[in-house]
Amino acid sequence: MNIFFEKENDILNETENNIIINNKESYHHIVNVMRKKEDNILNIIYGDMEYVSKIVKIDIKEKNIVFQIKEKIEKKVESNLKITMFQAIAKSDRLEYFFEKSVELGVYEFKLVNFDRNVVKLDKSKLTKKIERWDKIVLSACKQSRRTYIPKIKYVPSLKKETFEEYDATVVLYENHDENLKETIKKITDKINKRNLSNSEIKIAIVIGPEGGITKEEITYLDSVGAISTLIGPRILRTETAGISFASILQYIYGDF
């Protein structure tokens, strides 16, 4: 069984042969939720490393766990293509499907956007609980697909809060655009070649509007920050389907498919 730890939180102390976990939440999850005991084996995923480890000590008083490292496995599961999804808020069941499949496709980050024509309005009082639920779906999908990085979910109250400067290319999936996909890919490649000379890690943002469509004002703003508008094909895709379809295409061209 695997358990994930996020690299930036630095909650593991590693020696030559041992790992000590002294984070109370992790202690509770391993001991009380997973019901692990001394001598049990657990695979610890930490960044790009997987540690096959045996529990040698559970300190109830100090709330820490000592693992003996049995094997270290360097994992290359994460793509060099870092996709950020700017996804319109939709009904919960659609978003849950979207998060699960996006994680399986290697998406790096999620930003839930409050578009003008959103059918579903996210109540700020319920935002934290909603994101907590979606985080669990993301984590479960990471475990299933054996990813070593857990994508974050953030809330964006307005597109105008984003400058998109950090991305090598930004693409808007827009049903009123008539440019074909081949032309779009050429534009994306040109942008990547101009901004990312090393091509070691490519950052692309995908903007997916709501069921009601993206307004002209929102498209005008996206144009002003250099976004590329495209239409995937002749059929209109649902908001939860469009992004994952395009992510598959990008992984095939620029990523690890």
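**Figure 1. Contacts of R147.** A polar contact of 2.7 Å joins the side chains of R147 and E78; a polar contact is a pair of N or O atoms within 3.5 Å, of which, within protein, one must be able to donate a hydrogen and the other to accept it, and residues adjacent in sequence count only if both atoms are side-chain atoms. The model is predicted, so local features need pLDDT of at least 70 and side-chain atom pairs count only at pLDDT 80 or more, whereas totals for chains, interfaces and linings use all residues. Residues are numbered from 1 along each chain as its sequence is written, and side-chain values use heavy atoms, with hydrogens and water left out. A polar atom of the R147 side chain also lies 2.9 Å from the backbone oxygen of V107. R147 is found in the loop between α3 (124-145) and β9; helices (H or I, at least four residues) and strands (E, at least two) are DSSP runs, numbered from the N terminus. With a relative accessible area of 4%, R147 is buried (buried means under 20%, exposed over 50%, partly exposed in between; 1.4 Å probe, protein chains only).

**Figure 2. Salt bridge between E211 and R94.** The side chains of these two residues meet at 2.7 Å, N to O; a salt bridge is a side-chain nitrogen of Lys or Arg within 4 Å of a carboxyl oxygen of Asp or Glu. Because E211 lies in the loop between β11 (202-208) and α5 (216-224) and R94 in helix α2 (residues 92-104), the pair ties together parts that are 117 residues apart in sequence. E211 is partly exposed at 35% relative accessibility, while R94 is buried at 19%. R94, E211 and E240 are linked in a network of salt bridges.

**Figure 3. Salt bridge between K111 and E162.** The closest N and O atoms of K111 and E162 are 3.3 Å apart. K111 belongs to strand β8 (residues 109-113) and E162 to the loop between β9 (152-156) and β10 (169-173), so that distant parts of the chain, 51 residues apart, are linked. Both K111 and E162 are buried.

**Figure 4. Salt bridge between K186 and D190 in helix α4.** In this pair the closest N and O atoms are 3.3 Å apart. K186 and D190 are separated by about one helical turn, because they stand 4 residues apart in helix α4 (residues 181-195). K186 counts as exposed, at 55% relative accessibility, whereas D190 is partly exposed, at 34%. A search of the whole structure finds 10 salt bridges.
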